[in-house]
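I opened my notebook to write down, entry by entry, what I looked up and how each term is defined.

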Amino acid sequence: MDIEIFPHRLLSADTTERLLNDLEGIEGIKRIVIQGQRLPPKEINENHRTIILKGEEIDLQVQTGRILMDIEDEEIIEDIRTICEDHLPFGFNIHLGTFIRKQKTVTDNIKYGEALKQIPEEMVGLTDQNAQLSERATIIKREKQ
Amino acid sequence: MAQFYPGTSKVAENRRKFMNPDIELEKLREISDEDVVQILGHRAPGEEYPSVHPPLEELDEPDDAIRDMVEPLDGAKAGDRVRYIQFTDSMYFAPAHPFVRSRSYLHRFRGADAGTLSGRQIIETRERDLEKYAKELLETEFFDPARTGIRGKTVHGHALRLDEDGMMFDMLRRQLFDKSTGMVSSVKNQIGDELDEPVLLGEPLEESVLKEKTTIYRKDGEAYRDDKDAVEVLQRIHVLRSMGGYNPE
């Protein structure tokens, strides 16, 4: 199932980095999509910068407006809410629903052709159709237990 | 007496205040002429005004009754270029908004052309007159450093949530909030070119002050539907326009 964190303000790169690093500690989050206004290069807008998440460098190309998450279990929402309360003092909403596309579509087929079969299910729906998946998606490996 | 805007709410009163040229608007900040020129970005401070035609006095114009009746603007007399300043007003209780700006400009500023769009508002006139008007627009209640943007291009942001520091979203980050001083300064001119020295625009207004000064009806401020008088006039205009003089009897 998906949830959407909707902060009442647009988040800076610093807050996004702190929030995501704390959310990373929660078990049961499968995928995260950061949605927001796209930003020009960092010489023009300093919020366009590289953030570090579990040692993995991620180019934050947007000013965070929404954080969409694919989670395994409804029970972790309370943990997520607690973390958000620490980082988002100006208020936020958490909505339940379907926010990330789960199925491969005809458009995917046109875009990737035969290669679509090799694309794992988890990579579907992470970006908009016009973007290169490699430019937008980063895989963060889970630590082995 | 001119009727500027109907309604009994504070918002309606504020709208009338902007539109009525007899009311002098409160001056909230001091911005020097040179800084205004820098923000506009049309010429370098101290530079002569470039002209598009010789001064009117030197022109041999045909006799015309209208020319006698209408006194030209200073800029027109000198043959200045027509230049612009454009503002974006946040929906989060900015003091002005495009339609109020346009109506106010037409009442307050002579010889200026106002252009209204949903998220931005432009005023065009001769360069030296524009600088005078721009100074007034920046120094008075028309402007709030956080919720109003001076944006000649890349205007996007009026309908977005505010940034964490309470500033309206600006892709080019022209106006920056300094946490240590609590002041906003303009670091780029209206089209996003870096300024040599930042121009101090002052402190953003408090949320409560903005709610007092705003001309925007909002459900979480003053709702339009609660302003019975304004709605009544709107409905009357709507009916009259729909009927267009048609009388079914």
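**Conventions.** I noted that this is a predicted model, in which local features need pLDDT of at least 70 and side-chain atom pairs count only at pLDDT 80 or more, while totals for chains, interfaces and linings use all residues. Residues are numbered from 1 along each chain as its sequence is written, chains are lettered from A and ligands numbered from 1 in the order in which they are written, and side-chain values use heavy atoms, with hydrogens and water left out.

**Chain B as a whole.** I looked up the secondary structure of chain B and found 8 helices and 7 strands, where helices (H or I, at least four residues) and strands (E, at least two) are DSSP runs numbered from the N terminus. The C-alpha atoms of chain B fill a box of roughly 60 × 60 × 30 Å along the principal axes. Of its 249 residues, 47% count as buried; buried means under 20% relative accessible area, exposed over 50%, and partly exposed in between, with a 1.4 Å probe and protein chains only. I also noted that, among contacts (heavy atoms within 4.5 Å) in chain B between residues at least 6 apart in sequence, 64% join residues at least 24 apart.

**Helix 5 of chain B.** I looked up residues 98–108 and found that the buried ones include Pro98(B), Val100(B), Tyr105(B) and Arg108(B). The buried residues of this helix pack against several elements of chain B, among them helix 1 (10–19), strand 1 (82–89) and helix 6 (127–139).

**Positive phi.** Most residues other than glycine have a negative phi, which made me look up two exceptions. Lys54(A) has a positive phi of about 50°; Lys54(A) sits in the loop between strand 3 (49–53) and strand 4 (56–60) of chain A and is partly exposed, at 33% relative accessible area. Arg173(B) has a phi near 45° and lies in the loop between strand 4 (148–150) and strand 5 (175–178) of chain B, but Arg173(B) is buried, at 16%.

**A charged patch.** Which residues gather in a patch of negative charge on the surface? I found Glu27(A), Glu72(A), Asp73(A), Glu74(A) and Glu75(A). Patches are made of residues with over 30% relative accessible area and no salt bridge, like charges being joined within 9 Å and nonpolar side chains (Val, Leu, Ile, Met, Phe, Trp, Tyr) within 5 Å; a salt bridge is a side-chain nitrogen of Lys or Arg within 4 Å of a carboxyl oxygen of Asp or Glu. Glu75(A) lies in the loop between strand 5 (62–71) and helix 2 (77–87) of chain A, and Glu75(A) is exposed, with a relative accessible area of 63%.

Key:
Areas by Shrake-Rupley, 256 points an atom, 1.4 Å probe, with all protein chains shown as cover. Lys, Arg positive; Asp, Glu negative; His and termini not counted. Charge placed at Lys NZ, Arg CZ, Asp CG, Glu CD.
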